[in-house]
Structures are given as C-alpha cells and as structure tokens.
Number of protein chains: 2
Amino acid sequence: MHTAIAMSAPSAGAALAKTPIDLGPLRDDHVEIAVSHCGICHSDLSMLHNDWGISRYPLVPGHEAVGTVAALGSGARGLRIGQRVGLGWYSSSCMHCRTCLDGDHNLCPSSEATMIGRPGGFATRVRAHWAWAVPLPERIDAASAGPLFCGGITVFNPIVQHNVRPTERVGVVGIGGLGHLALQFLRAWGCDVTAFSSSDSKRDQILAMGAHRVVSSRDEAQMAALKGSLDFLLVTVNVPLNWNAYLDALAPRGRLHLVGAVLEPIPAPAMALISGQKAVSGTPLGSPATTQAMLDFAARHRIAPITESFPMSRANDALDHLRAGKARYRVVLANDLA
Amino acid sequence: MHTAIAMSAPSAGAALAKTPIDLGPLRDDHVEIAVSHCGICHSDLSMLHNDWGISRYPLVPGHEAVGTVAALGSGARGLRIGQRVGLGWYSSSCMHCRTCLDGDHNLCPSSEATMIGRPGGFATRVRAHWAWAVPLPERIDAASAGPLFCGGITVFNPIVQHNVRPTERVGVVGIGGLGHLALQFLRAWGCDVTAFSSSDSKRDQILAMGAHRVVSSRDEAQMAALKGSLDFLLVTVNVPLNWNAYLDALAPRGRLHLVGAVLEPIPAPAMALISGQKAVSGTPLGSPATTQAMLDFAARHRIAPITESFPMSRANDALDHLRAGKARYRVVLANDLA
C-alpha cells in the first residue's frame, strides 16, 4: 500500500486540500501507521507559513498522530500489526551515532522530522522509523492522546532532563496546548505549581488542572512578590516576555527553561546568572524512552490533554480556530479522509 | 587590636594611599586574619572604578587574602590562633537561612562581601566570619595561594555545581588569572581540554598548564571545525564575544558557562538552546565546603597559580601592571605594610 489521502498545502500559507499522496516503498526500518487521530500544534501553523525557513512544499502537516500499525518493514523491531502507537515531531534517527547509542535519539544530528520533506499526520497513513512509533499504554484514550506526542513530551522532557524534584517550586508561563499539560505533569510530580496567565477567563480551569495559584504576568506587584522564589520556570510561549522579571522570580540555582521557539534572542544578563547561579536553557521533544516514560506517567496519574475535535477533512477550519487563539486547549482531528 | 594599616582609595579611580584604619570591635562570630599575602583580581579594578555601582569609599581592595588567624571572636568555630587561612570575595553569610543550611552559603541573600562597606585584604589585618576563613592544607604555599580564593574557586565551583565528568570535552575561553587555573583543574579532572586564546605568545605556556590544544578564537576555520564538539565551555573573560560561534561549538546537551561579569546581556537564541538541549548559565564563587574541596584537590594535584609578586606598598604599580594586561598570570602582593 503506497498511496494515502492527505490534507496538503501546495505552497506557503495556502489552504489545505484533500489530495492523494504516494508514500513510495516502505523502508525496511520503517512502519506505516493507519492514522485515527492527529493533534494540531502551533508548529503546524509555523511550518505551513514557513516561519522557520525549513518547510518544503507540498506540505502535509501533522506531528501528533495516533493510530494502529498497518505495515512493518522487514527490520522493524518491537511492534506488531494492529498495535496502537503514537508519532510526534521526530520520525527517525540514525540509531548508530554516539548520541543515539546514549539514548538521546531526539538529539541525533541525522534525525528526520515527521513533516519536513515527507508527509505528516494529516493523512490516512503516516510512516516512521519503528523506534519513533511509540506504543500507547492500554489506559490512554486514542482520541485525545495525539497532543501527548508533541505538546506533552515537550513539557515532560525538561522535567526529566533537568531532574526537577518534587520539593521544588515551579512555574509555567503560558497556559495553552503545552502549558495545560505541564500543569498536570508538575502537579502529579509533587511540585508547588504557579501558573502565569494573562487571561482571567481561564483561571478556574487552570486551578483545576493542578496549579496551586495563578499569577497575572501583567501585574507588577504579583510578579515582584515572587522575587527569588521559583526553582524552575517553564516557558511555553513563543513570544518575547519581560525576561528580567522572570529571571528575578528565580530562586538561587533557578532555571528559566524554554520550550517555545521565540524568534528574538533572550538577553541573558551575565551578572544575574552568576550571582544567583541561574541558567537559561532549552530542550526539544524527548527521546523514545522518555516518551514511553511520559505515557506511563500520564496513564498512572490519569493525565490527558483537554481537547476539541474537528473532522480531518475540516482541518482548515481547525487551523483557523487555533490561529484565532480560541483553542481550549488542544485541537485534535478525527480521521474521516478514507 | 582594632587598628590596621591599609592601602585605601579615598574615591572612585583614585590612587591607593597607605592609611591607618579602624576595624572596630571584633564581632563574636568573626575572626581576624594577619594578612601575609593578597592576590589582585580584575574585580579589584572594577570595584576601584565603581564599574558595577556597588562600591563604597574609602575603599580598601583585596579579596584573595592569605594569612594566619590573629584573633577569634567568642563564637568562632573550627579555627585556632596561628592557623593558616585564606579569604575570598565573601566574608560572611547569615548561616541560618534555608540556602545556608543547604550548604549554599555563597548564595545567601544576606551574604557580605569582603571589600564592600568594610576594608578588604590590602591591609595588615582583615576580618571575616569564621566559616569564610578557610584553612589552608599543609602542602599549599601561602605566597601563591591567594588567587585560589577568588580566581581558583570561581572556575572550580562550576565544575562541581554542573557535575562536569572526566569523559567530557571542555573548553576554556580567556587564559588569564582565572583561565590558567581552569586549565589546570580540568586537566587534573580528567577532561579533554581545549584552550581558546587570541595570544600566540602564551601558546607553549597554555599547553604546559594542561590544555590538549590551543584554538585561536579569531580563526573562523578553527572555530568551525569545533562545531558540535564541546560539552562544557567555561568563559572567563568579561567582554562580549562572538556568542553564536561559541554556542555552535557546543555538543548536544552542551553548556556555555559564564564566570566573567560581561556587562552586555548575552543574546541567547531560543531555537539553538532548544534543538541542541543547550544552556547558558553562571556561577559565583563557591561555598566554604566547595572551597575546601578545591584546596584539597589543588594540593593533591600540585595545582597552583602562576604568580608575579609586588610589595603591598607598591599596590598602585601592581594595579597598573594588571590594567596594562601584562599580568602573567596573577599578581600577588606580599605584605610590607606593618
């Protein structure tokens, strides 16, 4: 089976159109996934508009795909036909460089992205290296799981990489697709959780997601009261902030951690970093092993994305909904393309 | 004994003059050190010129003091009269906040600096809280030990704090007072060590200090060849660099670490931090316990500052020598003020 039906953009910024695509012969080390659902991430918009200069057209978006294994290459390992799996931003790694052998497949210099130069998850079928088709635990609902494979692992990975401890005071900036999952993970992790949001309308929901308190980032008095208090501050937005106010909110040894692709460089003041032993850092999505750990943790703690559903054939409407800032909190497309 | 003789600056940028000073009654938790030697650090120049806006005058510089315990307050612990000790940038911490109780006395929000609002080490006597008068191991030479208490601990502390491992590839930018000690520590630590220097004249000495190779930071081809290779990059200079070239030299999970007080903010590009799981961070001088560990390590590995000696009465000449960039590699004043 080399053909599929996809929602495809012929050029930068163009609307998606339902199109047959040719997936070509299945690579030995790849698997083919019959997509049942695919989440929509802000990066899908950035890629559609070529904001990062790395898009290739025609472009089939989608890197939060969930479905079942429909075909296995002869060298695929650890999966069986019909098994439920999810696929995120990365679709393959070389598996043999030192970084891969160290378990950091997500940092492999030869890694490939699901939707760059190859069709993504807004399609009936999507392909990936077997290592990146990560099995879904039984207790995870396929209809809402997609966002875990990009938004979820993006905010879970830094907690693991930087060894955030349950005794720490943490903050989450931006309570959207990523942030609403970060609140759930960090609350279940045992931390003291502060949410930063400029939207009063989300307040009750944010507390229900796990925040111990909500701070308005526009309120200077509230920000000043936090001075020196936070051990870990996770920034999920992709726009410039009042960085100095957030750096001031860090406790000694505190970390300002970025997972949102802010285009303007963050002006990091050496004196503030030095005197408080602070850091500014970033992480991409996690490795296959960290993704499995995240899924196990989510299943054990009943953590799930809060989603809105659109039929995949109406992906353009769904993208408009996200563009308008109306998504509460992640949009998932249910596949009706077949 | 409340009086001492010091080299004191009456106002910003003024020459030092030999002056009697009144140290006042000895605090219960303080000790008085009879200074035999005091190193000179670039921060002494910055403080003399009030570059950071925190200086108070008259100002007695000096925060790399070595000597013997001459008097003990009634609450001083762990020291005896006549014991050899050293004193660095910090002279006291509250000892009871959570940060102090956690061993991070150097990050205590109530810490005091040796030469801010109180006279520093360019004097016959200097005072400090007992915890910050750190005993000198027997094998450490008093005449050259002073620079360990600022330059030395400044570059040793990040190796400990960020758990640099002997298997890592590390770089040191700027081979001066701090950098020449960093090379010695990192070589003894077991790392692969690259020195960055723009001075050809230091090359042989730099290799003798422990670098496996010397790279000219002005040579674009040499810099490009390092792309993606360094796990830990210690920046000891206090001037803006080609930050992107250094960030590019970092391996996945790499860290650009600052100990030099660069005044201009470092423009940290979010995408580079995120995609390579990189960090920009800083540390101040270490805690008393880390200082003790540094001294033990230096004694075991025969690590010592390379020093030039001036009589303390000629501190102005010594400061001019440092200002002119001629110090190889750290200037130490031998006390002749008595």
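How much area do domain 1 of chain A and domain 2 of chain A bury between them? I looked this up at the outset and noted about 1,900 Å², with 65% of it on carbon and sulfur atoms; buried area here is the accessible area (1.4 Å probe) that two parts lose on being put together, summed over both.

**Ground rules.** I am reading a predicted model, in which local features need pLDDT of at least 70 and side-chain atom pairs count only at pLDDT 80 or more, while totals for chains, interfaces and linings use all residues. I keep in mind that residues are numbered from 1 along each chain as its sequence is written, that chains are lettered from A and ligands numbered from 1 in the order in which they are written, and that side-chain values use heavy atoms, with hydrogens and water left out.

**Entry on the domains of chain A.** I find chain A divided into domain 1 (3-150 + 286-334) and domain 2 (153-282), with bounds that come from an automatic or database domain assignment. Taken over C-alpha atoms, the centres of domain 1 of chain A and domain 2 of chain A are separated by 27 Å. The contact (heavy atoms within 4.5 Å) takes 21 residues from domain 1 of chain A and 21 residues from domain 2 of chain A.

**Entry on the two chains.** I then turned to where chain A meets chain B, and the contact there takes 34 residues from chain A and 34 residues from chain B. The area buried between chain A and chain B is about 2,700 Å², and carbon and sulfur atoms give 61% of it. I recorded that Leu107(A), Ile274(A) and Gln277(A) supply 22% of the area that chain A buries against chain B, more than any other three residues.

**Entry on helix α5 of chain A.** Buried means under 20% relative accessible area, exposed over 50%, and partly exposed in between (1.4 Å probe, protein chains only). In helix α5 (residues 179-188) of chain A, 8 of the 10 residues are buried, so this helix is largely enclosed by the rest of the structure. The buried residues of α5(A) include His180(A), Leu183(A) and Phe185(A), and among the elements that cover them I noted α4 (151-161), β10 (169-173) and α10 (288-300) of chain A. After α5(A) comes Gly190(A), whose phi is positive, near 100 degrees. I also saw that Phe185(A) belongs to one aromatic cluster with Phe156(A), Trp189(A) and Phe297(A).

**Entry on aromatic pairs.** Searching the whole structure, I get 16 aromatic pairs over all chains. Rings of Phe, Tyr and Trp (its six-membered ring) pair if their centres lie within 6.5 Å, and planes under 30 degrees apart count as stacked, over 60 as edge-to-face and the rest as tilted. Tyr90(A) and Trp132(A) form a tilted pair, 5.3 Å centre to centre with 40 degrees between the planes. Tyr90(A) lies in strand β6 (residues 90-92) of chain A and Trp132(A) in the loop between β8 (125-129) and β9 (134-135) of chain A, so the pair ties together parts that are 42 residues apart in sequence. Tyr90(A) counts as buried at 10% relative accessibility, and Trp132(A) is buried with a relative accessible area of 5%. In chain B, Phe196(B) and Tyr246(B) make an edge-to-face pair, 5.3 Å centre to centre with 70 degrees between the planes. Phe196(B) sits in strand β11 (residues 192-196) of chain B and Tyr246(B) in helix α8 (residues 243-249) of chain B, so this pair ties together parts that are 50 residues apart in sequence.

**Entry on strand β10 of chain B.** Strand β10 (residues 169-173) of chain B is mostly covered, with 4 of its 5 residues buried. I count two strands as paired if DSSP finds at least two bridges between them; β10(B) and β11(B) run parallel and are joined by 5 bridges, with Gly171(B) opposite Thr194(B) in β11(B). β10(B) also pairs in the parallel sense with strand β13 (residues 230-235) of chain B, over 4 bridges, where Val172(B) has Leu234(B) as its bridge partner.

Methods
Helices (H or I, at least four residues) and strands (E, at least two) are DSSP runs, numbered from the N terminus.
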